Amino acid sequence: MTAAKKATNPFFDLDFTKYTADFKMPGVDVNEMMAFQRKNVEALTKANKVAFDGFQAVAQRQSEIFKTLLDKVQTQGKDFAATPADNPMAAAAKQTEAAKAAYEEALANAKELSGLVSKSQEEALALLQSRFTESLDEFKSAIEKTATAKFPLSTSGRAFWLCRFYLCFCPNS
């Protein structure tokens, strides 16, 4: 399998019109409904990529924090070992100061990681919200387009079938 073939989404290779050929509904363009769903899947794919990239950024930053922590522990261990044993108050003060600095750094790191996660989630959600709004606009224009089409169903019957079809094929929108 080529790299280009691996990169494509297998959902897009399916021809849903074959499966919906018998699903004839007056005034409904099945290809248009499939285009709606394709756009939904594309938006979901983009949102998942943003979320995954955010996850990778958090994991990389956690790794950097852990490496820095190990270096500091090693340095502090040497410093504590070099502290003269005849002055326990100085050693306790030094350890207390190191504990305070470690605590403050841990809080700062947690805040930074939390910010990375929030940013990633906000970007992914913005993509999905944007697509949802577009989807509603597309659905509205499809309803308006079919309202002008001439077929035997009443307006309420047309709206019923369009809503039913949309909900069947676009459940996540």
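The dialogue below takes the overall fold, then individual residues, then a surface patch.

User: On what basis are the values given?

Analyst: This is a predicted model, in which local features need pLDDT of at least 70 and side-chain atom pairs count only at pLDDT 80 or more, while totals for chains, interfaces and linings use all residues. Residues are numbered from 1 along each chain as its sequence is written, and side-chain values use heavy atoms, with hydrogens and water left out.

User: How many helices and strands does the protein have?

Analyst: Helices (H or I, at least four residues) and strands (E, at least two) are DSSP runs, numbered from the N terminus. The protein has 5 helices and 0 strands, so its order from the N terminus is α-α-α-α-α.

User: What percentage of the residues is buried?

Analyst: Buried means under 20% relative accessible area, exposed over 50%, and partly exposed in between (1.4 Å probe, protein chains only). Of the 173 residues in the protein, 21% are buried. The protein exposes about 12,400 Å², of which carbon and sulfur atoms supply 62%; accessible areas come from the Shrake-Rupley method with a 1.4 Å probe, and for residues only the protein chains shown count as cover.

User: Which residues does Arg 131 touch beyond four places in sequence?

Analyst: Contact means heavy atoms within 4.5 Å. Arg 131, in helix H4, touches Phe 36, Lys 39, Asn 40, Ala 43 and Glu 138, not counting residues up to four places away in sequence. Its side chain also reaches the backbone oxygen of Phe 36 at 3.2 Å.

User: Why does Arg 131 count as buried?

Analyst: Arg 131 counts as buried because its relative accessibility is 6%.

User: Where is Leu 128 found, and with which residues is it in contact?

Analyst: Leu 128 is found in helix H4 (residues 88-148). Leaving aside neighbours within four places in sequence, Leu 128 is in contact with Ala 43, Leu 44 and Ala 47. Leu 128 and Thr 45 are 83 residues apart in sequence and 9.8 Å apart in space, C-alpha to C-alpha. Leu 128 is partly exposed, with a relative accessible area of 35%.

User: Which residues form the nonpolar patch on the surface?

Analyst: Like charges are joined within 9 Å, and nonpolar side chains (Val, Leu, Ile, Met, Phe, Trp, Tyr) within 5 Å. Here Phe 66, Leu 69, Leu 70 and Val 73 form a nonpolar patch, with about 380 Å² of accessible area together. Val 73 is found in helix H3 (residues 30-82) and counts as partly exposed at 49% relative accessibility.

Note on methods. A polar contact is a pair of N or O atoms within 3.5 Å; within protein, one must be able to donate a hydrogen and the other to accept it, and residues adjacent in sequence count only if both atoms are side-chain atoms. Patches are made of residues with over 30% relative accessible area and no salt bridge: like charges are joined within 9 Å, nonpolar side chains (Val, Leu, Ile, Met, Phe, Trp, Tyr) within 5 Å. A salt bridge is a side-chain nitrogen of Lys or Arg within 4 Å of a carboxyl oxygen of Asp or Glu.
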